[in-house]
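Welcome to a guided look around a protein model. Please take a moment with the sequence and the 3D view below, and then read on section by section.

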Amino acid sequence: MSDTRFDPSSADARWQSAWEEAQTFRANSASEKPKSYVLEMFPYPSGRIHIGHVRNYTMGDVLARYKKATGHEVLHPMGWDAFGMPAENAAMEKGVHPGAWTRANIDHMKSQLKQLGFALDWSRELATCEPDYYGHEQALFLDLYEAGLVYRKKSEVNWDPVDMTVLANEQVIDGKGWRSGAEVEKRKLSQWFLKITDFAGELLEGLGGLENWPDKVRLMQENWIGKSKGLEFSFDLSNGERLPVYTTRPDTIFGASFVAVAADHPVAHSAAADSAEAQAFIAACKRGGTTAAEVETAEKLGYDTGISAKHPFTGADLPLYIANFVLMDYGTGAIMAVPGHDQRDFEFATKYGLPIRRVVAPAINDADKPFDGEAEAGEGVIVNSDFLDGMEVEEAKREIIGRIEKQGRGEGRTVWRLRDWGVSRQRYWGTPIPFIHCDACGVVPAPKDSLPITLPDDVDFKTPGNPLVRHPTWKHVDCPSCGGKAERETDTLDTFVDSSWYFLRFASQPADKPFDKDEIAKWLPVEQYIGGIEHAILHLLYARFWTRALERIGLIDVEEPFASLFTQGMVTHETYEQADKTGRVLYFAPDEVERRTDTATLKADGSPLAIGRVIKMSKSKKNVVDPDTIVDTYGADAVRWFMLSDSPPERDLPWSEAGIEGCSRFVHRLWRLFSTYEAEAKGADKTLDRRTHQTIAAVAEDIEALGFNKAVARIYELTGAVEKATPSASRSQAVRTLVQLVAPMMPHLAEEAWATIRGEGMVADAPWPEVDPALLIEDEVTIAVQHKGKLRDTLTAPKGTTKGDLEAMALASDKVQRSIDGAQIRKVIVVPDRLVNIVT
RNA sequence: GCCCCUGUGGCGGAAUUGGUAGACGCGCUCGACUCAAAAUCGAGUUUCUUCUGAAGUGCCGGUUCGAGUCCGGCCAGGGGUACCA
């Protein structure tokens with residue numbers, strides 16, 4: 001083997017073409033091998049590959065290569081989540097067509113991914129913005145419509161009155177449009193919805209079977225779906241109407257001191273009919289953003305309608321308010337308010353001087369205990385509540401529900417927090433919704449043989465609003481039902497729809513239908529799905545729903561799309577800041593900065609910079625590191641190794657120049673070690689054999705658990721051991737093993753070394769080294785000896801030494817005796833093969 | 001606001017079901033090699049200390065023979081919050 005340096009700039013490209021030529025990573029669905037579908041969340045083609053993508057795809061790549069080595073037929077595809085707002089923003093700002101912009105980005109990013117040597121099956125590449133993808137999505141949408149899972153209803157959007165356009169939540173800043181600066185209004189539009197609430201129970205139950213999902217994601221989804229049992233009952237109003245309200249705390253009914261409805265509630269509208277003041281209040285509620293965070297943090301405001309509601313048990317007249325914190329979408333859009341035991345009601349009652357009554361207390365004789373400036377939402381004993389006094393919360397709930405049901409005034413009801421999925425977007429760059437509006441026939445589904453309904457190319461973004469609405473011809477069609485003049489739906493689908501079934505299309509790509517059921521059965525569910533924690537709720541819940549919906553209508557046999565889920569952390573970087581003359585903070589990019597151990601200066605003029613917090617890379621903070629530059633400098637393997645080292649994959653990874661240099665040094669250190677390989681060396685080295693086999697087993701275990709940082713640490717340890725070992729057959733074997741252990745992580749280096757050591761075949765096709773179980777067992781263990789829980793000594797004993805012997809050995813220790821100092825021994829705790837604790 | 005997560009040396013972190021806190025890497029210090037430097041190799045590196053030990057895993061408290069790990073209460077940072085993807 002030559003002793004030249006490893007040169008990534010030639011080796012990387014050479015092996016990348018070798019894999020491509022041999023179609024090494026092409027998935028064969030006809031294979032007899034067990035199937036393994038490894039998938040990372042596909043990227044949005046924003047322009048350039050981000051270092052976070054590199055981390056995500058490196059993790060998936062290691063797993064995919066490992067699965068292949070362990071005898072699996074692996075499907076590891078890549079595609080593009082290619083519809084979305086940034087393409088339209090680029091169109092408005094730079095005058096490029098969203099499609100041209102997106103496709104150019106895809107080309108560039110694809111070449112970037114190829115430079116990293118990922119083991120991807122590019123033959124299955126797809127982009128959601130192409131008609132051969134979204135046409136099938138339109139067909140699926142029509143199938144769901146036929147099954148009754150799609151409907152239309154009016155729903156609120158953020159309306160920018162100057163730009164005459166609908167704004168996304170992120171485009172509303174402090175209640176104003178991001179471009180126009182105009183005060184945003186809530187406006188109601190007719191929109192398309194998917195009946196995800198039909199699946200609320202299933203989606204909740206299904207979480208129980210997802211054992212290989214992180215607990216935190218299951219918990220977040222559970223809370224999002226938000227099943228709650230409560231009571232719906234009606235108040236008799238002083239105007240003769242009945243008002244149904246919903247509460248999850250019927251046990252606190254005697255603490256109700258007012259009743260409130262949402263600003264959008266019919267009762268609010270009728271109250272406003274003859275009151276300018278009420279109309280003004282409702283209008284005020286409609287200003288500002290639509291997000292839950294804004295609604296919940298806004299100051300609690302109300303309008304007293306003058307109507308009163310009769311309490312069903314006390315007969316008291318409670319005032320009826322219109323309140324800005326009551327949500328029309330949850331329950332009945334009306335509540336009974338119990339200030340003592342709900343924080344929002346407490347704040348409201350404090351502001352409007354309404355009574356705050358205690359009806360739950362720590363104990364029965366705490367009935368008069370005052371509140372400490374906030375509501376008490378917890379458990380306790382019911383007090384001041386007539387026939388409920390002394391009951392526990394749950395018991396009281398049952399009692400009230402029973403009495404209300406007997407009165408015929410309401411009933412116990414399960415309510416979900418989950419709302420139906422609104423999929424209409426008033427934008428151009430998305431999947432056209434396949435429906436036609438006809439004055440005579442109403443809303444008519446587009447015939448399936450008219451699919452794909454493609455986007456028109458000749459659009460402009462110079463005027464605000466949806467180009468599909470303005471287009472001179474696109475929307476004008478004949479009604480498929482009566483043949484008369486009609487118009488296409490101009491809304492497009494939420495891009496979350498695109499990402500709710502792409503994993504099915506990867507597995508099977510017929511031209512005439514979205515996928516083939518039998519092919520889906522071969523590959524699905526995805527064995528391991530990897531992506532960012534930011535998708536814990538929306539994307540993952542929508543994909544689960546879409547899969548279940550397709551299963552319900554018989555298109556597939558899979559209920560859950562992702563058997564295992566892994567959520568990775570972000571890649572972060574420190575910021576470099578300097579205040580300008582006006583005190584405004586300016587940020588500088590890493591390549592403009594001279595970074596020393598504790599200080600940083602600006603390359604341009606040598607002025608000192610403040611080193612800011614380590615945060616998620618973002619353009620505005622200028623702390624973005626470009627993967628191209630570092631791949632050019634250090635090679636793909638060093639970058640991949642850095643992505644896997646040190647930080648646990650679920651946590652954030654701080655990027656550092658020193659770190660990547662260390663990784664690069666290790667690549668070359670390994671190369672030097674590989675070049676010491678002696679095929680003919682003789683003799684056995686038992687200790688080294690043991691370490692080699694222990695490392696094979698441990699690295700395999702770590703990769704399967706996606707604990708890449710631990711696998712990396714073990715490879716460092718074995719490397720150090722092999723370097724120190726004298727030549728022997730064992731050492732040569734250890735070197736070969738090391739090549740294979742690093743192959744999933746540093747595939748280019750490994751191929752280069754494999755070619756010189758083995759001479760034939762590629763390491764990418766080689767089976768994972770076998771473990772001799774006999775070599776995994778240690779015969780000696782170190783025992784910790786503690787006195788009163790503090791370490792005093794350690795001793796070495798044969799594995800399996802009896803408790804009695806260990807105790808005797810511990811007591812024989814000088815250090816232990818000195819610590820005990822003649823005191824009476826009360827107890828000795830012995831954990832075999834681990835420790836002895838002497839208690840005096 | 002609400003839901004979820006995280007917090008361990010100078011830094012990234014390791015530590016089966018509660019059982020030797022700091023593996024491994026980075027950085028730093030010293031040494032070897034060199035005319036010199038880079039690269040490489042070797043040794044050291046939680047803090048304090050009377051050199052015997054003591055303290056120590058964000059803070060306060062609890063359970064236990066024993067707590068980074070379990071429980072209660074805080075603090076700080078992060079993710080999501082239904083039209084960013």
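## The second largest pocket

Helix α18 is the element that gives the most to the lining of the second largest pocket, with 4 residues. In this predicted model, local features need pLDDT of at least 70 and side-chain atom pairs count only at pLDDT 80 or more, while totals for chains, interfaces and linings use all residues. Residues are numbered from 1 along each chain as its sequence is written, chains are lettered from A and ligands numbered from 1 in the order in which they are written, and side-chain values use heavy atoms, with hydrogens and water left out.

The second largest pocket holds about 650 Å³ of space and is lined by 24 residues, of which Pro 590, Asp 591, Val 625, Trp 655 and Glu 657 lie nearest its centre. Two or more lining residues come from each of β28 (571–579), β30 (593–595), α18 (627–634) and α20 (657–674). By class, this lining has 12 nonpolar, 4 polar and 8 charged residues. Here Ala, Val, Leu, Ile, Met, Phe, Trp, Tyr, Cys and Pro count as nonpolar, Asp, Glu, Lys and Arg as charged, and the others, Gly among them, as polar.

A pocket is found on a 1 Å grid over the protein atoms alone, as an open set of points with protein on both sides within 12 Å along at least five of seven lines; a cavity is a set where a 1.4 Å probe fits but cannot get out, and lining residues have an atom within 4 Å of a point. Grid points are joined across faces, edges and corners, and a volume is the space filled by probe spheres set on the points.

## Cavities inside

How many cavities of 30 Å³ or more does a search of the whole structure find? There are 4 of them. The largest cavity contains about 120 Å³ of space. Its lining has 13 residues, and Arg 65, Ala 69, Ala 743, Val 763 and Ala 764 lie nearest the centre.

Helices α2 (51–69) and α24 (747–757) each supply at least two residues of that lining. The lining of the largest cavity divides into 10 nonpolar, 1 polar and 2 charged residues.

## The chain as a whole

Chain A has 26 helices and 37 strands. Helices (H or I, at least four residues) and strands (E, at least two) are DSSP runs, numbered from the N terminus. The C-alpha trace of chain A spans about 100 × 85 × 65 Å along its principal axes.

Of the 840 residues in chain A, 53% are buried; buried means under 20% relative accessible area, exposed over 50%, and partly exposed in between, with a 1.4 Å probe and protein chains only. Among contacts in chain A with a separation of 6 or more, 70% link residues 24 or more positions apart, where contact means heavy atoms within 4.5 Å.

Four strands make an open antiparallel sheet in the order β6-β5-β9-β19. Its edge strands are β6 (165–167) and β19 (421–422), each pairing on one side only. Two strands pair if DSSP finds at least two bridges between them; β5 (residues 150–160) and β9 (residues 185–194) are joined by 10. Helix α5 (residues 131–146) lies across β5 and β9, at about 85° to β9. Such angles run from 0 to 180 degrees between N-to-C directions, with axes as lines fitted to C-alpha atoms, for helices over the stretch in contact.

Ser 155 sits in β5 and stands opposite Leu 189 in β9. Is Ser 155 buried or exposed? Ser 155 counts as buried because its relative accessibility is 19%. Leaving out residues up to four places away in sequence, Ser 155 touches Arg 187, Lys 188, Leu 189, Gln 191 and Phe 193.

## A hairpin with a further partner

Strands β34 (residues 780–787) and β35 (residues 790–798) pair in the antiparallel sense over 8 bridges, with Ile 783 opposite Leu 795. They form a hairpin with 2 residues between them, and Lys 788 in the turn has a positive phi of about 50°.

Strand β34 also pairs with β37 (residues 835–839), in the parallel sense and over 4 bridges. In β37, Val 836 is the bridge partner of Val 785.
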